[in-house]
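I opened this entry to record which contacts I looked up and what I found. The notes follow the order in which I went through them.

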Amino acid sequence: MVYLVGAGPGDPGLMTRRALELIARADVILYDRLVPAGALDGARPGADLRYVGKSPGTDSVSQEEINAMLVEHGSADSDVVRLKGGDPFVFGRGGEEAEALAAAGIAFEVVPGVTAGVAAPAYAGIPVTHRDEASAVAFVTGHEDPAKDESAIDWAALAAFPGTLVLYMGVRRLPEIAARLIEAGRRADEPAAVVERGTLPGQRTVTAPLGRIAEAAADVKPPAVTLIGPVARLREGLAWIERRPLHGRRVVVTRARPQASGLAATLRGLGAEVVEAPAIRIVARPVEADVARMAEEIADYDIVCLTSPNGVELLFDALAANGRDARALAGATVAAIGPGTARELEARGIRADVVPERSIAESLLDELAATGVAGKRVLIPRAADARDVLPDGLRERGADVDVVALYDTVGEPLEASTVDSLSAADYVTFTSSSTVTRFLDAVGERLPNGARVVSIGPVTSATAREHGLDVHVEAERHDIDGLVEALVDDASR
């Protein structure tokens, strides 16, 4: 079965659920240049991923070759996804591909996608129709088949069209297009807009009357759509994406990949262009004797201290491996270093008894010491390379402390393309000391010049300064929400 799937205009959040389902189960995926970033992340291991995109001015796979590949793989009893930017049947040549499949007797399904002609103007604050301004909309290609003897576009009819004109792929021909429309009777003072990289980070909108739009948009590069009509004037009041607090800012996220996605999604929702540069990786330690003993004896501890969400996750994995669950903690005082760790505990049915106001070991130590720890048995499951402030401080106060290393934090090499994209960063975020040291190991001398350093708290800040970094922003609340709040506050200033 072959699926002709629209991936939407570029923002990954605009991909349909059906598209994601098909990507996840596909045996073969033939994908285009303008599919959203991360669109293939959900592909199953072993899937055959083939790039068949077309780039202006470069050699590329011909449409005939793509049709032949679809027929070949579709005949092999495979699930084949043809992943295309936008909608496959809106200037996407999906109709030609469907015809080739039908002629070969191969079953196919069309999965529509959000088309750029609607999405890009919407992200620019321009509705393509409006009750008072435009009751009709026409979608027109600005780049016809060069093999045609003459244009199939009726310029006189378009000039007289009583509604909004949306032109795809015509930015390079915009001077000619504007001139022909005006020559055919379209008013030169009619509002017009060109939306570059619509729905993507770095989206830009240029507005001007039709007679001057080509000059105003002379430096615009594909992908871009052009919109002509009275609705273009509504942008001034309806522009919304530029009002997001981090619009136009490039922010580097250095957390481990599983944790990075949540922070990245939050930052993107605030308008940032996010560069995911996971400098660390969490590696669980084998369930050896000390871990097994911890799981077996956990009910005997008076206090259990969790110092990270990773520690919570791996503690419960160790308990499960030894036939235990949350009930094993019923008799203990459970302490969490901060709200993020507390939320991870709550997700597993445990409400932390102790959560200090400041998410650092020193504050957790003070909170526990105030309750009296002398003679009590304390368990601290944590990273192997964590600081010893908490266990040493508890021992000094008379506690019997067991530290069990559940995981190692190791460096993660960064792809060259990721390092290249760091050069234009406005902010680099650090969520732990290990993200500082491992990130600097990974980038070497290529630290982003001029980027502002955002730290989750004083311990991370101290590590950054030890490595010669200036810390420009430090979160007052030492968790992810506090880091985001501090970053947004700094950007607003």
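I took a charge to sit over a ring if NZ of Lys or CZ of Arg is within 6 Å of the ring centre and within 35 degrees of the ring normal. The model is predicted, so I kept to its limits: local features need pLDDT of at least 70, side-chain atom pairs count only at pLDDT 80 or more, and totals for chains, interfaces and linings use all residues. Residues are numbered from 1 along each chain as its sequence is written, and side-chain values use heavy atoms, with hydrogens and water left out.

**Entry 1**

I looked up R377 and found its charged end over the ring of Y301, 4.2 Å from the ring centre. I then turned to salt bridges, counting a side-chain nitrogen of Lys or Arg within 4 Å of a carboxyl oxygen of Asp or Glu. Side chains of opposite charge can pair when their charged atoms come close. The count by this rule is 38 salt bridges.

Which elements does the pair of E297 and R377 link? The two side chains form a salt bridge at 2.8 Å, N to O. E297 is in helix 10 and R377 in strand 16 (residues 377-383), 80 residues apart, so I noted a link between distant parts of the chain. For helices (H or I, at least four residues) and strands (E, at least two) I used DSSP runs, numbered from the N terminus.

R377 also forms a salt bridge with D402, with the closest N and O atoms 3.5 Å apart. This pair joins strand 17 to strand 16 across 25 residues.

D402 has a further salt bridge, to R293, at 3.9 Å, N to O. D402 lies in strand 17 (residues 400-411) and R293 in helix 10 (residues 289-297), so this pair ties together parts that are 109 residues apart in sequence.

I checked accessibility for three of these residues, with buried meaning under 20% relative accessible area, exposed over 50% and partly exposed in between (1.4 Å probe, protein chains only). D402 is buried at 17%. R293 is partly exposed at 34%, and E297 is partly exposed at 23%.

**Entry 2: aromatic pairs**

I paired rings of Phe, Tyr and Trp (its six-membered ring) if their centres lie within 6.5 Å; planes under 30 degrees apart count as stacked, over 60 as edge-to-face and the rest as tilted. The structure holds five such aromatic pairs. In one of them, Y123 and W240, the ring centres are 5.0 Å apart and the planes are at 65°, so I logged the pair as edge-to-face. Y123 is in helix 4 (residues 116-123), whereas W240 is in the loop between helix 8 (235-238) and strand 11 (250-253), 117 residues away. Y123 is buried at 12% relative accessibility; W240 is partly exposed at 33%.

F91, F139 and Y168 are joined into a cluster by ring pairs. I looked next at T141, in strand 6 (residues 137-141), which is buried at 16% relative accessibility. With contact meaning heavy atoms within 4.5 Å, and residues up to four places away in sequence not counted, T141 touches F91, I153, Y168 and M169.

**Entry 3: nonpolar cores**

I defined a nonpolar core as a set of buried Ala, Val, Leu, Ile, Met, Phe, Trp, Tyr and Cys residues joined through side-chain atoms within 4.5 Å. The largest one has 28 residues, and those with the most contacts inside it are M294, I298, V304, F316, L345 and L406. Helix 10, strand 16 and strand 17 are among the elements that give two or more residues to this core. Helix 11 supplies its largest share, six residues.

Leaving aside neighbours within four places in sequence, I found L406 in contact with residues including V291, M294, L314 and P381. A second, separate core of 23 residues includes L158, L167, L210 and V220.

**Entry 4: I456**

Is I456 buried or exposed? I found I456 buried, with a relative accessible area of 11%. I456 sits in the loop between strand 19 (452-455) and helix 17 (458-466). The C-alpha atoms of I456 and T429 are separated by 7.9 Å, although the two residues are 27 apart along the chain. Beyond four places in sequence, the residues that I456 touches include F430, A475, H478 and L483.
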